[in-house]
Amino acid sequence: MISCKKFFEILEDYNFTFFTGIPDSTFKDLMKFLADNNSKELKNIVACNECEAIALASGYHLATNRIGIVYMQNSGLGKAVNPLTSLCDPDVHSIPILLMIGWRGEPGKIDAPQHKKMGKITLPLLDTLQIPYSILEPDLSVVKNELVKAINYFNDNKGPYAFIFQRGFFKDYEMKFKQSNRYNLTAKEVIQLIMDNLNHKEIIVSTTGYITRELYEYRESKNKDHHKSFYNIGSMGCASSIGLSIALHKPKNRVIVFDGDGAAIMQMGAFTTIGKNSPTNFVHIILDNEAHESTGGQPTNSPNVDFVNVALASNYKWSTRVETSEELLKSIDNIKNRKGPILILIKIKISSRSELKRPTKNPKEYKEGFMRYLNDLD
Ligand SMILES: Cc1ncc(C[n+]2csc(CCOP(=O)(O)OP(=O)(O)O)c2C)c(N)n1
């Protein structure tokens, strides 16, 4: 394992001080180090998705003639393919970027099912994209040599170059400034309060990360009726669109989407599709902890986003913000006879529970149970 500080010092020696991306737990300690050291010389912009991160690093290069670093989980490589091929590629504008990619689902290692395919194809995908890469060993002299190789490539080819990181690369970093907020509700309490107050005919879709794991744990502790939820364990940001389409095609049942602020921001355009298609049976619930908690609590842009008015401006029919269990109970009661699309924004605290369970079966089994449930609703 490598110290975050020493790793950063090597990058800094070679003039790499601009970072942007979407966090992956592989980089959680490096992210903490960057947050503690954000300054005029060192800048880290947490982007809304990996496509945007590539664009930000490109703008940085255009403005400064320096090379930016984009960090991402390999799941985000798919999102980045378009700007990598049509913006940065040596066949187009030829913009050098150093990619730092966390290798989830690495073949032969145990990881969650949503990472399996991308884990297998990460290196072949980079080959197809003609992006050279090094799988970094956690050794400072190796890092230095590989960086020199990347710089030589940038000098000759002016295109993206990737460093691949296996899990456990970075040593733990104790953060001086702890990310927190002023809210009291936890994700567990919110899910329990809402689920206990539904009539159980609702169709539930939940977003990737801890929110799905909280819902799964709730269902485990009650009737184990997992078939009433679609656990969207991958495809971050897509839960609301999956829910929208189910709502349009199952108009007699209410669809509740449990979303995260990071996920909602990642695909913020979905608000406009929801508003345009306006299903009356659609309820969008954002559990907003102002952080990407599932990957280590890195901040999102949420403190600057007025989700309630974004929803109304996108043609949702009702929208509210709650901070306490009393307000939440009131709003659950309030929406019983209201037509959607509805947004409930719930401000919650960062309250990670590392012992949270994960869905244990093959995702296909859950999907099949869910489809049978939807089919029987008619
Ligand atoms: C395209 C993509 N990029 C990054 C990730 C890694 N990732 C998984 S969960 C998560 C954070 C989600 O944040 P939010 O929606 O706010 O929910 P929270 O974790 O705070 O509950 C991230 C970045 C991913 N799954 N997919």
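This is a predicted model: local features need pLDDT of at least 70, side-chain atom pairs count only at pLDDT 80 or more; totals for chains, interfaces and linings use all residues.

**Around the ligand**

I began with Asp261, where a polar side-chain atom lies 3.2 Å from an oxygen atom of the ligand. I count a polar contact as a pair of N or O atoms within 3.5 Å; within protein, one must be able to donate a hydrogen and the other to accept it, and residues adjacent in sequence count only if both atoms are side-chain atoms. Residues are numbered from 1 along each chain as its sequence is written, and side-chain values use heavy atoms, with hydrogens and water left out.

Next I checked Asn289, which has a polar side-chain atom 3.0 Å from an oxygen atom of the ligand. For Ser75, I found a side-chain N or O atom 3.1 Å from a nitrogen atom of the ligand.

How much of the ligand's accessible area does the protein cover? I got 95% of the 590 Å² that the ligand has on its own (Shrake-Rupley method, 1.4 Å probe; for residues, only the protein chains shown count as cover).

Helices (H or I, at least four residues) and strands (E, at least two) are DSSP runs, numbered from the N terminus.

**The cores**

I moved on to the largest nonpolar core, which has 33 residues; Phe7, Phe16, Leu98 and Phe165 touch the most other members. Such a core is a set of buried Ala, Val, Leu, Ile, Met, Phe, Trp, Tyr and Cys residues joined through side-chain atoms within 4.5 Å. Buried means under 20% relative accessible area, exposed over 50%, partly exposed in between (1.4 Å probe, protein chains only). H6 gives the most to this core, with 6 residues.

I followed Phe7 and, leaving aside neighbours within four places in sequence, found contacts (heavy atoms within 4.5 Å) including Leu30, Met100, Val143 and Phe165. A second, separate core has 30 residues, among them Ile194 and Tyr366.

**Asp29**

Last, I looked at Asp29 in helix H2. Is Asp29 buried or exposed? I noted it as buried, with a relative accessible area of 6%. The side chain of Asp29 reaches the backbone nitrogen of Tyr173 at 2.8 Å.
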